[in-house]
Amino acid sequence: MAISDIESETPLLDDTMVGVVNYRGFPAKRSTSGGWRSASFIIGVELAERIAYYGIGFNLISYLTGPLGQSLAVAAQNVNTFNGTGCLLPLLGAFIADSFLGRYRTIVIASLLYILGLGLLTLSAMLPSLSPSYSQNNDNSPSQFQVVLFFFSLYLVAIGQSGHKPCTQAFGADQFDGQHPVECKAKSSFFNWWYFGLCIGLSLAFLILSYIQDNLNWGLGFGIPCIVMAAALLLFLLGTKTYRYAINTNVESPFMRIGKVFVAVTRNWRNGPPLKAAEEAAGGTLPDHHGSHQFEFLSTAYGSKEDGKACSVSDIEEAKAVRRLLPIWISSLLFSILPAQLSTFFTKQGITMDRTTGLGFDIPAASLQSLNTIAIVIFIPIYDRIIVPIARQLTGKPSGISMLQRIGTGMSLYVISIIVAALVEMKRLKEAEEHGLVDTPNATIPMRVWWLVPQYVLSGVGDALAMVGFQEFFYDQVPNNLRSVGIALYLSIFGLGSFLSSFLISAIEKVTGGDGQDGWFSDNLNKAHIDYFYWLLAGLGLSGLAGYVYFSKSYIYNKKILV
């Protein structure tokens with residue numbers, strides 16, 4: 001009788017989880033919280049949020065060069081600056097979430113800012129007459145008030161995204177227990193399906209909102225994302241009772257713990273053999289951490305007191321984990337310039353080409369970006385359901401191939417896509433010359449827009465491999481209390497990539513477009529040389545890939561990771 005009682009109680013004991021609570025603050029139960037049920041809410045939120053964000057971002061260059069009247073070079077720089085800011089600000093949002101508010105509260109507050117920014121953006125497009133100087137403008141140029149309101153609203157959206165983007169993804173991954181054999185595999189799949197939902201949102205934005213903005217009304221085109229973002233917040237709140245909430249058992253901020261290690265190392269630089277001293281001080285009971293013998297200089301901080309608190313072995317291992325990520329982060333920066341071209345020059349290429357369908361309407365140039373997301377949507381299920389199980393049998397690894405191998409493969413495909421884009425642009429310029437259209441910038445080049453399909457598809461498959469790999473890698477390899485920051489680190493790579501792209505465009509424009517000459521980025525795309533720029537990007541991408549491969553070979557995965 002006693003034995004049967006014990007056996008019947010065992011599932012209940014296993015069902016109660018350690019380190020996470022439910023919405024009431026009680027220990028969470030595996031059977032009633034988290035998992036795919038909770039993750040489904042969060043993936044739905046991401047789908048809606050991407051509709052909102054890319055509903056204004058993907059066609060931004062058309063709005064800047066159209067209603068706001070900016071030149072191609074200035075508009076491209078503004079797009080890259082906005083994209084870069086949107087990818088760097090999550091470092092601030094993640095810091096606030098991991099140190100103070102927690103992910104759930106940060107998502108709610110960020111969503112409200114997001115909705116406010118989108119609402120004001122809609123207002124800037126619909127009510128230019130609010131400007132005191134509007135009545136004095138007899139032409140179609142925007143008033144100063146409208147321009148200021150537009151950019152204020154745009155960057156308010158970026159601030160809202162800074163808290164929403166890193167915390168939502170990290171919060172979704174938190175719904176799976178990485179220590180559980182079944183949920184561990186589900187967590188790896190979560191990143192694939194998260195990106196799948198993201199790309200469904202992108203496709204809807206490209207296909208629907210681009211048509212509305214180009215053919216109907218910009219106010220409506222900006223207003224729909226505002227409504228969708230409000231629906232995303234409502235959906236997130238509906239899942240509140242199902243979520244698992246991580247408990248931060250350490251009162252001290254993770255940034256403070258890691259920071260004091262580096263401060264102590266600086267002060268103790270000339271101390272004796274670091275790891276041996278740490279082991280002796282710990283009584284020979286130093287935990288067996290993966291890579292604990294790497295970056296031994298950090299172990300000189302062991303036992304040192306900063307602000308009255310001694311640096312523990314755990315603090316040092318957290319600092320090593322962050323230090324270990326730096327070479328991968330830095331070597332990825334050159335590659336990160338490549339994706340920035342999707343929403344700028346890829347789109348401008350399509351504007352000049354034959355986009356007729358034979359059905360009475362033209363394909364909006366911005367909607368061509370949906371080819372990238374369609375490729376991702378098709379490839380991710382194939383990868384998750386077919387390629388990964390086969391690779392898992394061959395390698396014995398839960399994810400089939402390692403995260404770094406996945407990223408490297410995606411990088412390679414992206415470089416190939418840029419090379420293809422350069423070749424297509426060379427052909428487009430040749431067609432313009434042969435048909436005498438070089439001096440007619442608004443003429444349609446007799447070259448079907450489907451020539452752009454290969455570069456979009458290759459970049460899409462590259463995205464599915466590299467972007468998802470980056471997300472999983474930086475989430476998994478940072479200390480547990482810095483998961484939001486891990487996602488923000490991934491985003492910051494591409495934020496800096498947008499800024500680097502903007503810097504390159506500005507520098508090249510000054511060098512090649514001086515003295516009234518037609519530079520690489522001439523407003524007349526038939527006289528420009530975007531193909532030269534693509535070849536330069538391909539060279540930079542190959543250089544970045546070489547550095548990434550070099551550092552990846554020596555990378556030691558943190559903690560329990562077997563992939």
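Predicted model: local features only at pLDDT ≥ 70, side-chain atom pairs only at ≥ 80, totals over all residues.

- Ile107 has a relative accessible area of 0%, and because buried means under 20%, Ile107 counts as buried.
- Along the chain, Ile107 and Gly93 are 14 residues apart, and 9.5 Å separates their C-alpha atoms.
- Gly93 is itself one of the buried residues of α5, a group that also includes Pro90, Ala94 and Ala97.
- Asp98 and Ser99 in α5 are buried too.
- How far does helix α5 span between its end C-alpha atoms? The helix, made of residues 90–101, spans only 14 Å, whereas a straight helix of 12 residues would span 16 Å at 1.5 Å a residue.
- Just after α5 comes Gly102, with a positive phi of about 85 degrees.

- Helix α16 runs over residues 453–477, and its 25 residues should span 36 Å at 1.5 Å a residue. The end C-alpha atoms are 35 Å apart, which agrees with that expectation.
- Where does α16 bend by about 30 degrees? The bend is at Asp463.
- Of the 25 residues of α16, 21 are buried, so the rest of the structure largely encloses this helix.
- The loop between α16 and α17 holds Asn481.
- Is Asn481 buried or partly exposed? Its relative accessibility is 24%, so Asn481 counts as partly exposed.

**Helix α2 and its partners**

- Helix α2 (residues 35–57) packs against helix α8 (residues 181–215) at an angle of about 30 degrees, and their axes are 7 Å apart.
- That angle makes α2 roughly parallel to α8, because angles under 35 degrees count as roughly parallel.
- The α2 and α8 crossing is right-handed.
- In the contact of α2 with α8, the residues divide into 17 nonpolar, five polar and two charged.
- With helix α7 (residues 144–173), α2 crosses at roughly 155 degrees, and the two axes come within 11 Å.
- Since angles over 145 degrees count as roughly antiparallel, α2 and α7 are therefore roughly antiparallel to each other.
- The α2 and α7 crossing is left-handed.

**Helices α4 and α17**

- Helix α4 takes in residues 72–88, and its axis comes within 7 Å of the axis of α17, with a crossing of roughly 160 degrees.
- α4 and α17 are therefore roughly antiparallel to each other.
- Their crossing is left-handed.
- What kinds of residue make up the contact of α4 with α17? They divide into 10 nonpolar, 12 polar and one charged.

**Strand β3 and Ala246**

- Ala246 belongs to strand β3, which covers residues 245–246.
- Ala246 has 54% relative accessibility, and because exposed means over 50%, this residue counts as exposed.
- In sequence, Ala246 and Val20 are 226 residues apart, yet from C-alpha to C-alpha they are 4.4 Å apart in space.

How values were computed: Residues numbered from 1 in each chain as written. Heavy atoms only, no water. Axes fitted to C-alpha atoms, helices over the stretch in contact; angles between N-to-C directions. Helix = DSSP H or I, 4+ residues; strand = E, 2+ residues; numbered from the N terminus. Parallel < 35°, antiparallel > 145°, perpendicular 65-115°, else oblique. Left-handed = near helix turned anticlockwise from the far one by under 90°. Nonpolar A, V, L, I, M, F, W, Y, C, P; charged D, E, K, R; others polar. Expected span 1.5 Å × (residues − 1). Bend = angle between axes of the 7 residues up to and from the residue. Buried < 20%, exposed > 50% of the residue type's maximum accessible area, 1.4 Å probe, protein only.
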